[in-house]
Amino acid sequence: MAQQTTAGRRYLRAFVSGFFVAVPVTVTVLDRFAYVARVEGASMQPFFNPEGGSKSDIVLLNRWSVRNYQVQRGDIVSIVSPKNPQQKIIKRVIGLEGDFIRTLGYKNQYVRVPDGHFWIEGDHHGHSLDSNSFGPATWTSSSCHR
Amino acid sequence: MGSAWSERRITRWYVEMFRRVLGKTLGFVGYTIQYGCIAHCAFEYIGEFVVCSGPSMEPTIINHDVVFSERMSRHLCKIQKGDIVIAKSPYDPNMNICKRVIGLEGDKVCTSSPSDLFKTHTYVPKGHVWLEGDNLRNSTDSRSYGPIPYALIRGRVCLKLWPPHSFGTLSESPTKRIIKTQSDSD
């Protein structure tokens, strides 16, 4: 009887200590290193979701490479939508700070990307909520949940 | 025969020492990783200590004050008008700014200075907030760079920790720039 309670208490202690190791490590890895996400919508066709319909591509987001806030033109990035802080959008970086962009449907035809911002566009022009709607985007990374 | 036996003993001693050092190093690395991850979770989801610099929030927060900013309100979308927030600077993501929220999305904010004769107003667009420092004369804020996206906010300042004579919660806005709407009175 005494042996059973000590075994149970040992398992409980092992579980709790394992829990306190696994949860912070997992959360840190998901926040700082890599994150898995599903791409929805047709704004990046034909690169993501080429068939449309019900099959959505699943992508691995590399958070470590953007820890110094540096991207290249042509990279595909995921940011929090400036119009809706609870939603993330995946688009391609077209221009970096200082570049002059000829826009498709933005209020100004030519835009100089300000410091600390970048210009993103979906590959499927016309079906994409991107910088042509809300202007240059900045480094918004984590979304809020209600 | 004697020398071979003592050679084996010396080799075995070296192997044991190596194993012990390796074990201790791995244990140390493991503890570092574990406590590093716990620290990350605490700073990311609970709160962090911030040293403020600059005159833009006087008299509420003075240069070199230490404040505590909590993260949960930001993650739960519960930042309100009148809160002091820490946000990433829209022009340099490595710099943080500390300002007060004057308007949330859809609110009406006054863009003209108090000395202007004709007052101009604008509405804060969806997903953005309007920030202003309490020291209106010496603050670059949304009056210069416009509303910033809500997702740039890092945390809400809830407690001032240093200097000790002004320890405690922070006071309301001294500038009376917040335009109260009908729904705020309840």
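How many helices and strands does chain A have?

## Basis of the model

This is a predicted model, in which local features need pLDDT of at least 70, side-chain atom pairs count only at pLDDT 80 or more, and totals for chains, interfaces and linings use all residues. Residues are numbered from 1 along each chain as its sequence is written, chains are lettered from A and ligands numbered from 1 in the order in which they are written, and side-chain values use heavy atoms, with hydrogens and water left out.

## Elements and shape of chain A

Chain A has two helices and seven strands. Helices (H or I, at least four residues) and strands (E, at least two) are DSSP runs, numbered from the N terminus. Their order from the N terminus is α-β-β-β-β-β-β-β-α. With a radius of gyration of 21 Å, well over the 15 Å that the globule rule gives for 146 residues, chain A is more spread out than a compact globule. The radius is taken over C-alpha atoms, and the rule is 2.2 Å times the number of residues to the power 0.38. The C-alpha trace of chain A spans about 80 × 35 × 25 Å along its principal axes.

Of the 146 residues in chain A, 35% count as buried, meaning under 20% relative accessible area (1.4 Å probe, protein chains only). Contacts are heavy atoms within 4.5 Å. Among those in chain A between residues at least 6 apart in sequence, 47% join residues at least 24 apart.

Note on methods. Buried < 20%, exposed > 50% of the residue type's maximum accessible area, 1.4 Å probe, protein only.
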